[in-house]
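Colleague: I am new to this one. Could you take me through the terms as we go?

Modeller: Gladly; here it is.

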Amino acid sequence: MKCLTLPLAAALLTATAATAKDLQFLLVNESSAAVTAFHVSTSSSDSWEENLIAGGYLDSGYEINVLIADG
């Protein structure tokens, strides 16, 4: 059983990478303060990517759609 674990995991990772798509989700600010920045990056990156909050400001109680484009 252990012999199949690594090849199966490698096959799953390859299939996942080949079918990667954009990630879109709803960012909801349920805090009592405004959110002024939301940054993401790949785990291999040494720095954050651009601010994903359109307009640079998300007030308390508001929500926005966020898109993280594949690639």
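Modeller: One term to begin with: contact means heavy atoms within 4.5 Å. The model is predicted: local features need pLDDT of at least 70, side-chain atom pairs count only at pLDDT 80 or more, and totals for chains, interfaces and linings use all residues. Residues are numbered from 1 along each chain as its sequence is written, and side-chain values use heavy atoms, with hydrogens and water left out.

Colleague: Which residues is asparagine 29 in contact with, leaving aside neighbours within four places in sequence?

Modeller: Ala34, Val35, Leu58, Asp59, Ser60, Gly61 and Tyr62.

Colleague: Why is asparagine 29 called buried?

Modeller: Buried means under 20% relative accessible area, exposed over 50%, and partly exposed in between (1.4 Å probe, protein chains only). Asparagine 29 has 4% relative accessibility, so it counts as buried. Buried residues make up 7% of the 71 residues in the protein chain.

Colleague: Where does asparagine 29 lie?

Modeller: In the loop between β1 and β2. Helices (H or I, at least four residues) and strands (E, at least two) are DSSP runs, numbered from the N terminus. The protein chain has one helix and two strands, in the pattern α-β-β. β1 covers 23-28 and β2 covers 63-68.

Colleague: Why is serine 41 called partly exposed?

Modeller: Serine 41 has 29% relative accessibility, so it counts as partly exposed. Serine 41 also sits in the loop between β1 and β2.

Colleague: What does serine 41 touch, not counting residues up to four places away in sequence?

Modeller: Ser47, Trp48 and Glu49. A polar atom of the serine 41 side chain lies 3.4 Å from the backbone oxygen of serine 47.

Colleague: Why does glutamate 49 count as partly exposed?

Modeller: Because its relative accessibility is 46%. Glutamate 49 is in that loop too. Beyond four places in sequence, glutamate 49 is in contact with His39, Val40 and Ser41.

Conventions
Polar contact = N/O pair within 3.5 Å; in protein donor to acceptor, adjacent residues only side chain to side chain.
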